[in-house]
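Take a moment to look over the chain below. Then follow it from the whole fold down to single residues.

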Amino acid sequence: LKSRQLEEPDYDVKRELVYREAAAQGDCFVEDVLFEYEEMGKVLTGDLNDAIQLKKVWKDDTQPRICKQLTSNIIAGINFYPGNVRDFYIDSQPFIFTKEIITYQEAEQLYKSWKRWESVPPSVNPLLSYTGSGYITYFDWSLEETSDGYVERIKYYDKPNNRFMLILNGVFMLLPDFALEFLTGEIDYPIVKFALFPISRHFFYSKGIASKTKVDQRLLDDLYKMYLVKTQKSVKPPLANLTGRHLTDRIFMPGRITDDIDPDRLKEIGVNQGVTQSEFAFIQFIKSTIDAKSLSPVFEGNATQGNQTATEIAILQKQSLQKLGLAVYGAMNFEKELAWLRLHNILMHWTKVEDTKLDDTKKSM
């Protein structure tokens with residue numbers, strides 16, 4: 001709990017985005033990682049009056065501060081690549097890798113002290129050929145074409161062989177066979193999957209609410225469009241003009257007076273009736289179908305038609321929870337696995353000695 005409160009932003013803020021991603025896409029992937037970066041400090045040497053006179057009122061700290069924090073990093077589904085799409089569980093994947101596009105300044109803040117950072121180009125252009133003594137294998141390779149000033153960061157995890165590799169714009173930043181165990185102290189993937197509605201034990205991805213209701217929602221959207229046109233047609237119906245004069249639809253404006261027009265020579269074309277009661281009932285039927293596949297409006301706090309007792313509302317909410325049983329169970333498993341992963345990270349990184357000082361009482365370090 002303490003480590004999650006120290007995240008920036010804290011995990012309670014991120015949880016909303018995690019659950020939204022799972023509800024919309026069916027799966028959400030969260031990486032629990034030690035976030036370590038350099039922060040250049042400045043020591044104030046003056047006050048505001050000197051500053052507004054454009055005087056330098058600070059001096060740069062010669063030693064940058066090393067900031068560390070454990071953080072939960074949300075990975076978009078399109079940036080997560082499983083090794084075997086026919087296996088539902090992430091723990092039994094032969095390998096996984098993730099892709100992120102970050103700015104060059106952010107990458108520099110994170111990896112400036114790494115030995116191979118000087119080999120990372122600020123951009124990747126596969127159309128250019130790199131020649132000369134500075135040529136590096138895979139220097140011009142990337143999964144996605146990036147703009148200048150951006151870095152493609154690929155993290156490759158291989159649990160069976162206990163390997164991890166970090167690739168920045170095609171540059172390998174670690175030695176081959178670097179241990180995956182170094183990340184969390186366990187030979188395990190540091191990523192947890194939130195699966196909303198699993199499809200099968202033999203398929204990696206799950207269904208989201210939007211996927212379950214997409215056919216009904218498309219039908220409802222089409223009905224809205226057609227009924228809007230029908231309502232507009234009833235308000236301003238198509239007319240047959242038999243007056244022998246050119247008229248515009250401005251004759252229907254309120255308070256408009258048009259001289260020398262026989263209204264009997266303006267006839268409506270077809271039947272221009274508005275939306276009927278049966279058509280309204282069909283819309284309600286489609287909505288109830290969508291609710292049956294997702295959430296009852298009562299569960300979301302919305303009012304329903306008619307008078308209902310507190311007992312009836314409680315029963316409806318209970319039924320909605322039963323419909324979401326898989327989703328609720330998936331959320332519970334996700335939070336439990338993420339907490340265990342954070343615990344491993346705490347034992348691995350938060351227990352390391354960062355500094356020593358003299359104990360005046362014991363006269364020892």
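What follows is a short walk through this structure.

This is a predicted model: local features need pLDDT of at least 70, side-chain atom pairs count only at pLDDT 80 or more, and totals for chains, interfaces and linings use all residues. Residues are numbered from 1 along each chain as its sequence is written, and side-chain values use heavy atoms, with hydrogens and water left out.

Start with the whole chain. The protein chain holds nine helices and 14 strands. Helices (H or I, at least four residues) and strands (E, at least two) are DSSP runs, numbered from the N terminus. Of its 365 residues, 30% count as buried. Buried means under 20% relative accessible area, exposed over 50%, and partly exposed in between (1.4 Å probe, protein chains only). The chain exposes about 23,900 Å², and carbon and sulfur atoms supply 56% of that area. These areas come from the Shrake-Rupley method with a 1.4 Å probe; for residues, only the protein chains shown count as cover. Contacts (heavy atoms within 4.5 Å) reach along the sequence. Among those in the protein chain with a separation of 6 or more, 66% join residues 24 or more positions apart.

Now the first sheet. It is open, has three strands in the order E4-E1-E10, and pairs antiparallel. Two strands pair if DSSP finds at least two bridges between them. Strand E4 (65-75) and strand E10 (191-195) are the edges, each pairing on one side only. From one strand to the next, the twist averages 20 degrees. Strand E1 (residues 27-39) is joined to E4 by eleven bridges. Val-33 has Thr-71 of E4 as its bridge partner, and Glu-39 stands opposite Arg-65 in E4. Five bridges join E1 to E10. There, Phe-29 stands opposite Lys-193 in E10. Helix H2 (residues 11-25) lies across E1, E4 and E10, at about 145 degrees to E1. Such angles run from 0 to 180 degrees between N-to-C directions, with axes as lines fitted to C-alpha atoms, for helices over the stretch in contact.

Is Leu-196 buried or exposed? Leu-196 is buried, because its relative accessible area is 7%. Beyond its neighbours within four places in sequence, Leu-196 is in contact with residues including Ala-22, Gly-26, Ile-209 and Ala-327. Leu-196 and Ala-327 are 131 residues apart in sequence, yet 4.7 Å apart in space, C-alpha to C-alpha.

A second open sheet has five strands in the order E5-E6-E7-E8-E9, again with antiparallel pairing. Its edges are strand E5 (80-82) and strand E9 (171-172). Three bridges join E5 to strand E6 (residues 96-103). Pro-82 has Ile-96 of E6 as its bridge partner. Helix H4 (residues 104-111) packs on this sheet and touches E6, strand E7 (150-158) and strand E8 (163-168). The direction of H4 makes about 115 degrees with that of E6.

Last, helix H6 (residues 209-235). At 1.5 Å a residue, its 27 residues should span 39 Å, and its end C-alpha atoms are 37 Å apart, which agrees. The expected span is 1.5 Å times one less than the number of residues. H6 bends by about 50 degrees at Val-215; the bend is the angle between axes fitted to the seven residues ending there and the seven starting there. Thr-213, Asp-216, Leu-220, Leu-223 and Tyr-227 are buried in H6. An α-helix has 3.6 residues a turn, so residues three or four places apart point the same way. The cover over the buried residues of H6 includes helix H7 (277-293).
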